[in-house]
Amino acid sequence: MAERCAVIAVCGHEAGYGRALEGLVDPGVSVVPSGRELFRSISAHRRRGQDAAVVPMTLGRDPELVADTARTLRSVAGGDRAATVLTEPFGTAQHLVGWLRAAAGRVPGDSALLVTAPSGDPFEDAELYRIAALVRRYGRHALVEVAFTGGDPDPAEGVRRCRLLGAEHVTLLPGGFAPPEVPGPAGRAGPVVDSAGPLVSASALRRVLAERVADALRRRHEHGDDGIAAGLTAADNHGHSHTHPPGEGHDHGHGHGHGSGHHHPHGPGHPHPHPHPSADGAGQVIRSIA
């Protein structure tokens, strides 16, 4: 399977539905949004006699992309589905924190950091605030703010807030696959604004893609697991399904293993048994991947 396996990178808003990967992946990698385009890509590869490894291109904020990709693969006809494997997502929220911390480490300590990523749903945007808080807690920069391309606050407003908090230098840290556009100067009194560059270099992106594919093929060869069942549960605890009204606690086993029947899939290098670690617990994991 490995020798004739095509790689399909499935993209959501974090990768601009594929636009952000232009020129970053190998020419043989198919870059598609989820849904019909993914279905058509699998069919096209099968007509050429190729099996397919499908990689959800999320950095950890869009578990729905993983679940939606799994649902699409589940609907593929039997023969084509048997030749298709779903890999672990490109990254997890823990990976994103580690990548952002590595980028922050290259920025002078007296600069404010503006973690900037494409806007998603309210829960994805809230997750970016949590991630930025961890970057600040385990880093050396006193001021870490958040901005969203296509959302509120946008990068220009994020820079303005940094200026109001006394920053003279603001560095945009990309939390998506494409570096955000640096806002123009807000006047002579505005801070110096620059960007830390891409979050993941082209060479690193290709390496991670190859690792995800190799791991999925190995898992299928050794255990007969195509990854689809786990992918279907990826968004189970995301958004409204994991909120509680006032007065109702977490009565489904949080912090007490998985006796409740909830399944919590984890990406490679994620040793924590629960997808919502405390800040202290997250810091321990982050140090292992930064």
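The model is predicted.

Start with the sheet. Four strands form it, in the order β2-β1-β3-β4. The sheet is open, and the pairing is parallel. Its edges are β2 (30-33) and β4 (84-86), each of which pairs on one side only. Neighbouring strands are turned by 25° against each other on average, direction ignored.

Now take the pairing of β3 with β4. Strand β3 spans residues 51-57 and meets β4 in the parallel sense over three bridges. A53 has V85 in β4 as its bridge partner.

Two helices pack on this sheet. Helix α2 (residues 63-74) touches β1 (5-11), β3 and β4. The direction of α2 makes about 155° with that of β3. Helix α7 (residues 202-223) also packs on the sheet, touching β1, β3 and β4. Here the angle is given against β4: about 115° between the two directions.

Next come the aromatic rings. The structure holds three aromatic pairs. One of them joins F90 and W99. This pair is tilted, with 5.8 Å centre to centre and 35° between the planes. F90 counts as buried because its relative accessibility is 0%, and buried means under 20%.

F90 also pairs with F177, edge-to-face. Their centres are 5.4 Å apart, with 65° between the planes. Together, ring pairs link F90, W99 and F177 into a cluster.

Key. Residues numbered from 1 in each chain as written. Predicted model: local features only at pLDDT ≥ 70, side-chain atom pairs only at ≥ 80, totals over all residues. Heavy atoms only, no water. Pairing = 2+ DSSP bridges. Axes fitted to C-alpha atoms, helices over the stretch in contact; angles between N-to-C directions. Contact = heavy atoms within 4.5 Å. Phe/Tyr/Trp six-rings, centres within 6.5 Å; stacked < 30°, edge-to-face > 60°. Buried < 20%, exposed > 50% of the residue type's maximum accessible area, 1.4 Å probe, protein only.
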